[in-house]
Amino acid sequence: MSQMTERRPVTPVAGRRMLIGRGESVASVLSAIEDGSAVRVVFIHGIAGIGKSTLLAACLDEARASHTVITLDGRSVEPTETGFVDALGRAIGLPGADLERLLAQLADRAPVVIAVDTFENLRLIDSWLRRTVVPGLPPEVRLVVAGREPPVAVWLSAPGLEGGIRAVALGPLPENAAAELLVVTAIISSPLHYPRGPIHRQSTSERNPRLTRDYTSVIRLL
Ligand SMILES: Nc1ncnc2c1ncn2[C@@H]1O[C@H](COP(=O)(O)OP(=O)(O)OP(=O)(O)O)[C@@H](O)[C@H]1O
Ligand SMILES: [Mg+2]
């Protein structure tokens, strides 16, 4: 077992980053990047505000204990092959290097996690990533992406990637976690005092963490 497994918190709530109700998803991502896992690419996906970036950041906080972590964000990467290679080169500290050199550098720094947030912005290079970049990744280099769309089906049947793809779908927070979020954002002292009625009647949209937090900000202004 790797060091990371021993350090993994059961409930990753405490610490710098507030992360409520996502213990299973954290475990799924971290187990995929452990040594020995056959997974090469992890797709964290879900609708806007559901908590993808928050989950990704929390997983990377854990992974840093044992991995080199390289982060990219689709909002600042030109969605072309050259744009991606340039962005990766800058992130690694080798601006202008070609893909081959970057892959060799990644092998030297392994184990490595390359994290790409806002991955939906890079859909134009999805097939190039699948056909060229991922097959060329050194063995202990994992790609973890977070975006609004699930992986397109061909990722799951791509030659050489069988069993190498893990999709981690994020849905609404579980009801108890949504209640906890309302409590910790301090608009209610107990889930029973939720101003919109019993907490278990919260609609699915109200269990979207961004909407919950926006709602609590507005309530505080009233
Ligand atoms: N599990 C959680 N516990 C507490 N707060 C959370 C949780 N998940 C998300 N949040 C909060 O909800 C808000 C939205 O989360 P986040 O930015 O991660 O969503 P996203 O899925 O990445 O959205 P987008 O698709 O727009 O990038 C943030 O303020 C974040 O702190
Ligand atoms: Mg995000």
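Me: When do two residues count as in contact here, and what share of the contacts in this predicted model between residues at least 6 apart in sequence join residues at least 24 apart?
Reply: Two residues are in contact if their C-beta atoms, placed from the backbone, lie within 7 Å. The structure is a predicted model, and the share is taken among contacts in the protein between residues at least 6 apart in sequence. Of these contacts, the part that joins residues at least 24 apart is 76%.

Me: How many helices and strands does the protein have, and in what order do the elements run?
Reply: The secondary structure comes to nine helices and five strands. Read from the N terminus on, the order of these elements is α-α-β-α-β-α-α-β-α-β-α-β-α-α.

Me: Is Phe43 buried or exposed, and which residues does Phe43 touch beyond four places away in sequence?
Reply: Phe43 sits in strand 1, which covers residues 41–45, and because Phe43 has 21 C-beta neighbours inside 10 Å, where 20 or more are required, the residue counts as buried. Leaving out residues up to four places away in sequence, Phe43 touches Val145, Pro150, Pro151, Ala167 and Val168.

Me: How many residues of each class does the shell around ligand 1 have?
Reply: The count covers the 19 residues that surround ligand 1. Divided by class, the shell comes to seven nonpolar, seven polar and five charged residues.

Me: At what angle do helix 4 and helix 5 pack, and how far apart are their axes?
Reply: Two packed helices are described by the angle between their axes and the distance between the axes. For helix 4 (residues 81–92) and helix 5 (residues 99–109), the crossing is left-handed. The packing angle is about 35°, and the axes are 10 Å apart.

Me: Which residues of helix 4 and helix 5 meet, and what classes make up the contact?
Reply: On the helix 4 side the contact involves Val85, Leu88, Gly89 and Ile92, which meet Leu99, Leu102 and Gln105 in helix 5. By class, the contact of helix 4 with helix 5 is made of five nonpolar, two polar and no charged residues.

Me: Which peptide bond is cis, and what is the phi of Thr118?
Reply: Most residues other than glycine have a negative phi, and most peptide bonds are trans. A cis bond, with omega about 0°, joins Ala110 and Pro111, and Pro111 lies in the loop between helix 5 and strand 3 (112–117). Thr118, in the loop between strand 3 and helix 6 (126–136), counts as partly exposed because it has 18 C-beta neighbours inside 10 Å. Phi of Thr118 is positive, near 50°.

Definitions and conventions. Residues numbered from 1 in each chain as written. Chains lettered and ligands numbered in written order. Predicted model: local features only at pLDDT ≥ 70, side-chain atom pairs only at ≥ 80, totals over all residues. Near = placed C-beta within 6 Å. Nonpolar A, V, L, I, M, F, W, Y, C, P; charged D, E, K, R; others polar. Axes fitted to C-alpha atoms, helices over the stretch in contact; angles between N-to-C directions. Helix = DSSP H or I, 4+ residues; strand = E, 2+ residues; numbered from the N terminus. Left-handed = near helix turned anticlockwise from the far one by under 90°. Buried ≥ 20, exposed ≤ 12 C-beta atoms within 10 Å, placed from the backbone.
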